[in-house]
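Please examine the sequence and the three-dimensional structure shown below. The paragraphs that follow lead through the fold step by step, from the overall arrangement to single residues.

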Amino acid sequence: MTGAGSGIGAACAARLAAEGACVGVLDLRSAAARACAAGIRAHGGTAMALTCDVSDEKQVEEAVARLVASFGRVDVLHSNAAALACAESRCLTGQTLVLDPGTLAHRPQHAVQQWRDRQ
């Protein structure tokens with residue numbers, strides 16, 4: 001679960017764990033990921049906190065590898081994180097919020113590849 005350190009991501013991670021899933025809690029903010037994973041474990045669930053910047057392909061690849069090593073496989077990928085940046089705009093007053101389409105899918109190819117390798 002990317003972006004699982006707070007808000008909707010944390011709520012989804014908790015729900016998946018309550019349903020019996022082993023949850024990888026990925027977030028850019030290490031303390032937030034650890035807190036979410038600790039909360040899941042406190043309620044009897046299984047969770048691993050990983051600090052991960054979804055805009056960095058190497059970090060995503062390493063996170064998937066760690067999850068597979070710990071849990072045996074990844075069955076579900078929930079991309080909740082967003083990669084946002086503020087850019088100056090000459091057309092508008094203030095700033096324009098830009099969603100980087102290169103990270104929109106949060107580099108799912110690493111999870112997908114381990115699915116293919118299992119077959």
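Among contacts in the protein between residues at least 6 apart in sequence, 50% join residues at least 24 apart; a contact here means heavy atoms within 4.5 Å. The model is a predicted one, in which local features need pLDDT of at least 70 and side-chain atom pairs count only at pLDDT 80 or more, while totals for chains, interfaces and linings use all residues. Residues are numbered from 1 along each chain as its sequence is written, and side-chain values use heavy atoms, with hydrogens and water left out.

The protein contains four helices and four strands. Both kinds of element are DSSP runs numbered from the N terminus, helices being H or I runs of at least four residues and strands being E runs of at least two. Read from the N terminus, the order of the elements is α-β-α-β-α-β-β-α. Of the 119 residues in the protein, 32% are buried. A residue is called buried under 20% relative accessible area, exposed over 50%, and partly exposed in between, with a 1.4 Å probe and protein chains only.

Helix H1 covers residues 7–18. Its twelve residues reach 17 Å from the first C-alpha to the last, close to the 16 Å expected at 1.5 Å a residue; the expected span is 1.5 Å times one less than the number of residues. Which residues of H1 are buried? They are Gly9, Ala10, Ala13 and Ala17. Seen down the axis of H1, these buried residues fall within an arc of 95 degrees, so they line one face of the helix. The arc is that of the directions from the helix axis to the C-beta atoms. An α-helix has 3.6 residues a turn, so residues three or four places apart point the same way. On the face of H1 turned away from the buried side are the exposed residues Gly7, Ile8, Arg15 and Ala18. The cover over the buried residues of H1 includes S1 and H2. After H1 comes glycine 20, with a positive phi near 105 degrees.

Helix H2 can be read in a similar manner. The end C-alpha atoms of H2 are 18 Å apart, which agrees with the 18 Å that its 13 residues should span at 1.5 Å a residue. Its buried residues are Ala32, Ala33, Cys36, Ala37 and Ile40. Because they fall within an arc of 130 degrees when seen down the axis of H2, they line one face of the helix. The face turned away from this buried side carries the exposed residues Ala31, Ala35 and Ala42. What do the buried residues of H2 pack against? They pack against H1, S1 and strand S2, which spans residues 46–51. Just after H2, glycine 44 has a positive phi of about 90 degrees.

The interior can now be considered. In soluble globular proteins, nonpolar side chains tend to be buried together. A nonpolar core is a set of buried Ala, Val, Leu, Ile, Met, Phe, Trp, Tyr and Cys residues joined through side-chain atoms within 4.5 Å. The largest such core has twelve residues: Met1, Ala4, Ala10, Ala13, Ala17, Val23, Val25, Ala33, Cys36, Ala37, Ile40 and Ala47. H1, S1 and H2 each supply at least two residues of this core, and H2 gives the most, with four. Apart from this core lies another, of ten residues, including Cys52, Val54, Leu67 and Ala81.

Glycine 24 lies in S1 and counts as buried because its relative accessibility is 8%. Glycine 24 and methionine 1 are 23 residues apart in sequence and 5.9 Å apart in space, C-alpha to C-alpha. Not counting residues up to four places away in sequence, glycine 24 touches Met1, Met48, Leu67 and Phe71.

Aspartate 27 is also found in S1. Is aspartate 27 buried or exposed? With 5% relative accessibility, aspartate 27 counts as buried. A polar atom of its side chain lies 2.9 Å from the backbone nitrogen of arginine 29 and 3.5 Å from the backbone nitrogen of alanine 4.

Finally, the cysteines may be considered. Cysteine 12 counts as partly exposed because its relative accessibility is 24%, whereas cysteine 36, at 10%, counts as buried. The structure holds zero disulfides, a disulfide being a pair of cysteine sulfur atoms within 2.5 Å.

How values were computed:
A polar contact is a pair of N or O atoms within 3.5 Å; within protein, one must be able to donate a hydrogen and the other to accept it, and residues adjacent in sequence count only if both atoms are side-chain atoms.
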